[in-house]
Structures are given as structure tokens and as C-alpha cells.
Amino acid sequence: MLGFIRRRVASGGSSSSSSSILKQSLQTIRPVSSSTSRVSEEILIHPRGFGHVRKFSCLAPLRGRAISSRTMREGVSNMELTASKLILSRPFSSDSGDLVDAVVPFMGESITDGTLAKFLKNPGDRVEVDEPIAQIETDKVTIDVASPEAGVIKELIAKEGDTVEPGTKIAVISKSGEGVAHAAPSENTSKKAAPKQSAPEMKDEEKIKPKVEASPVPVKPKTPAPPPPKRSATEPQLPPKEKERRVPMTRLRKRVATRLKDSQNTFALLTTFNEVDMTNLMKLRSEYKDAFVEKHGVKLGLMSGFIKAAVSGLQNQPIINAVIDGDDIIYRDYIDISIAVGTPKGLVVPVIRNAEKMNFAEIEKEINTLAKKANDGTISIDEMAGGSFTISNGGVYGSLLSTPIINPPQSAILGMHSIVSRPMVVGGNVVPRPMMYIALTYDHRLIDGREAVFFLRRIKDVVEDPRRLLLDV
């Protein structure tokens with residue numbers, strides 16, 4: 001039977017003083033003759049960052065048996081291991097009170113490493129707390145490495161282009177800034193001083209080095225080089241390689257390329273088309289845009305109308321919102337709409353959660369928030385994870401018609417295009433109408449042509465007559 005040993009673990013003192021106190025405390029342990037007597041000891045350990053007190057109590061073994069030294073060693077080693085774990089869990093560590101290490105932060109559950117894209121600061125630059133000093137490029141987003149303390153960059157540990165993991169040290173920051181100088185002047189000074197020192201050394205070497213008579217070396221006759229092959233008249237003239245540039249792909253671009261190619265290799269892609277008369281939706285927007293901005297503080301766009309139409313279509317055709325998983329079909333009872341946004345760094349797809357529960361104003365606000373974060377590069381991984389259906393608006397770039405590619409693991413994607421005034425027959429008369437081509441690419445393994453056409457027809461009906469949303473017809 002085990003009893004209680006009272007221990008008190010408190011922060012304080014240096015590591016050397018802690019170890020001496022530990023030895024003295026261990027020496028106070030003596031055999032216990034009574035079953036009710038207790039052994040007490042106080043151990044002071046100072047692991048960095050271990051700033052609280054723990055109390056443990058345990059009765060001594062009965063029948064007069066003393067605590068073995070092996071048991072005590074195991075207990076102390078366990079305590080030291082726990083302390084070391086607490087140290088490693090700290091996001092920033094330092095071996096000195098003045099120096100602080102800047103390390104790569106946690107980048108997400110599905111991301112194990114990233115590429116150090118660039119340093120925003122140089123050695124000798126002043127930084128404030130939480131000021132970005134570097135950017136880590138991952139498969140999905142770009143993450144900033146923030147300074148843990150205010151100070152001066154002493155040195156950069158990693159190099160641009162290195163693959164780094166969470167916890168990797170990339171820079172050292174001096175809080176006081178003592179002994180830190182800019183790297184650029186020192187390099188220039190060393191380069192200027194090098195030629196001055198090398199000139200007298202070369203003269204001394206020339207004086208000391210004895211002259212050796214060179215024996216004549218027989219020269220072999222050079223064989224004439226074969227004439228270059230003549231180009232045929234039909235051979236294309238390639239441009240010189242001096243005009244070519246080889247740039248490594250970013251991690252985001254490689255990730256997009258891999259996913260799109262996987263989509264083509266996995267899905268049975270098929271695209272169906274239709275055209276939409278935008279007259280009524282554009283009229284609704286022009287009539288209520290001022291009142292909409294005044295009440296909700298956001299402009300009324302066309303994307304919210306298409307998202308509401310897509311929600312209605314997905315509710316009427318649930319198979320479009322489903323996905324194949326092995327030998328099963330997963331039907332989703334929620335609707336998360338992914339919006340494809342093109343940024344200077346690549347394509348990102350933020351997600352509007354539970355779009356079926358949102359009105360026009362909530363959808364427009366969410367679109368503006370996500371689009372701004374995507375363009376600024378501040379969008380998080382959680383805001384792009386998931387999604388059950390995607391809408392891609394190539395019309396903002398002037399695309400007239402396209403066949404979008406499914407965003408795995410979804411089963412369909414809707415493509416919007418530019419609005420063009422075309423002659424249409426309305427009531428027996430030819431009149432100009434603002435028309436848009438829409439395209440639905442779907443996985444034919446899961447979705448039949450009937451469901452795909454019905455879905456796209458529902459999009460057309462709702463956009464051409466938004467009153468259907470109010471009457472649910």
C-alpha cells in the first residue's frame with residue numbers, strides 16, 4: 001500500500017541552486033517505522049516558465065519499509081521530464097534574458113510545413129511586439145511570423161526558400177539592441193578592406209617565390225572542330241535562352257495544380273449550359289441599391305442573387321450537394337457555398353457557411369469580408385476549409401463562356417460569365433436583353449444529366465424572376 005509524500009514544487013532560484021536544494025532534500029529522507037508517520041520534503045525546481053506551485057502528498061509505505069532511492073530517482077526524473085515538456089510548449093524561447101527567438105507559429109492541423117517566402121525585416125531593423133518579420137507560404141495561405149518582443153533583429157537563422165516546420169527558429173531578436181549593427185555596412189567595409197590587404201601580400205609572395213625554369217612542353221596539334229550543322233528551312237528558330245526566366249512555383253500554385261489535375265483524373269466531368277436573362281435582377285438591384293446601402297451598410301450585388309438561387313436549386317436537387325465517399329454517398333443537410341476568388345498569389349476558395357440560413361444582406365457582408373481577406377492575404381485556413389458547392393464568377397474578368405473544373409471533394413461547380421446585351425425574342429418581338437451564359441460542371445458518376453439540367457433550370461428561373469424566392473415556387 002502506498003501513502004502520501006508531500007512535495008511542493010515552486011519556481012525560483014537558478015538551476016544550480018535548485019539542484020543543491022534538491023540534493024539536500026533527498027538526503028532528509030529516512031526510514032519510516034510507523035505506519036502513520038509521514039515523510040515530507042520540499043523540492044524547489046526552476047524550469048523556465050514553470051511559475052506555479054504544485055503540492056503532492058503520499059503516505060510512506062507501511063511495515064517500516066523506507067522509500068528506495070530508485071523510486072525517488074524515478075519520481076524526480078518524471079518531474080524533470082514534465083518541466084522540460086512545459087519548456088518546449090512555449091512558442092518563443094531564449095537562452096539569455098536579452099535574446100529572444102522568433103519561431104514559426106502553428107500553421108493549422110492539416111499543414112505540417114511551409115516555405116519561408118521572404119523576410120520583411122533585415123538584421124539591425126527595429127521591430128515592435130507582434131510586428132511581422134517574415135512570411136511563410138503554405139499550400140493554402142500565407143502566414144506571418146510575428147516578433148515575440150520589441151527589440152532589434154540581431155541575426156536571421158533561416159534563409160528564404162527554406163522549408164520550415166512549426167517551432168523552427170528563423171531569427172534572433174535583442175530586446176536592448178546592444179551590439180547589433182546593420183549587416184550591409186559591415187559587408188561593404190570588409191569588401192573595401194580586402195583589396196588593400198591583398199596587394200602587399202602579393203608583392204611579398206612574388207619576392208620570396210624562387211624562379212623556376214620551365215621546360216618546354218610538347219604541343220599537340222589541335223584537331224579542327226567540325227562545322228556546325230546547317231539548319232533546314234523548315235526547322236523553327238527558337239529564341240535565345242537569355243530571354244527566358246525560370247521561376248520556382250509557389251506552394252499555393254503547386255497545390256492548385258495538383259488538386260485540379262486530381263479532379264480531372266478522378267471525376268467523370270461533364271458540363272451543361274444555359275443562358276439567363278438578367279433584366280429583372282438588374283432592375284431589382286437598381287431600384288433598391290440606395291435603400292439597401294442605407295439600411296445594411298453594404299452594396300447590393302449580383303452574387304447574392306445567384307447564391308440564393310443556388311441554395312434553392314440545391315434544396316430541390318439534393319444530389320448536387322452530395323459527394324461520393326468510397327462505396328457510399330454522403331448527403332449533406334447543410335449548404336456551404338465556396339466562392340472562387342482570384343488573387344495575385346493564386347486562386348483561393350473561401351466558404352460561406354450555412355448559406356441557406358442567410359438573407360441577401362448577410363450574404364453580401366460575408367462576401368465582402370472574405371474577398372478583402374483573400375486579397376490582403378490574411379484569410380485563415382478555417383475560412384477555406386469544407387464547402388459543399390462552388391460558384392466561380394469568370395464574368396468579372398470578361399469571360400463569355402467556360403467549363404469550370406470541380407473543386408474536390410465537391411461534386412459540382414457553377415460558372416458565371418459576363419453580361420452581354422444580345423437580341424432576344426420577347427413576346428414575338430426582337431429586343432436587346434442583358435444575357436449571361438451559365439455553366440454547371442458535375443460528376444457524372446453521381447449526378448445524372450436530368451438532375452443537372454433541372455438544377456441549372458432552377459438557377460435560371462430564380463434569377464430571371466426573384467419573386468419566386470418569396471413565394472417558394
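I looked up which element gives the most to the lining of the largest cavity, and α5 does, with three residues. I worked from a predicted model, in which local features need pLDDT of at least 70 and side-chain atom pairs count only at pLDDT 80 or more, while totals for chains, interfaces and linings use all residues. Residues are numbered from 1 along each chain as its sequence is written, and side-chain values use heavy atoms, with hydrogens and water left out.

I noted two cavities of 30 Å³ or more, a cavity being a set of points on a 1 Å grid over the protein atoms alone where a 1.4 Å probe fits but cannot get out, with lining residues having an atom within 4 Å of a point. Volumes are the space filled by probe spheres set on the points, which are joined across faces, edges and corners.

The largest cavity has a volume of about 50 Å³, and its lining includes Leu281, Arg285 and Phe360. I found that α5 (279-296) and α6 (303-316) each supply at least two residues of this lining; helices are DSSP runs (H or I, at least four residues) and strands likewise (E, at least two), numbered from the N terminus.

The second largest cavity, about 40 Å³ in volume, is lined by residues including Leu281, Gly305 and Phe360.

I then turned to Arg422, which is found in strand β21 (residues 419-426). Arg422 counts as buried because its relative accessibility is 15%, where buried means under 20% relative accessible area with a 1.4 Å probe and protein chains only. Leaving aside neighbours within four places in sequence, I listed its contacts (heavy atoms within 4.5 Å), among them Glu275, Arg433 and Tyr437.

How values were computed: Buried means under 20% relative accessible area, exposed over 50%, partly exposed in between (1.4 Å probe, protein chains only). On a 1 Å grid over the protein atoms alone, a cavity is a set of points where a 1.4 Å probe fits but cannot get out, and a pocket is an open set with protein on both sides within 12 Å along at least five of seven lines; lining residues have an atom within 4 Å of a point.
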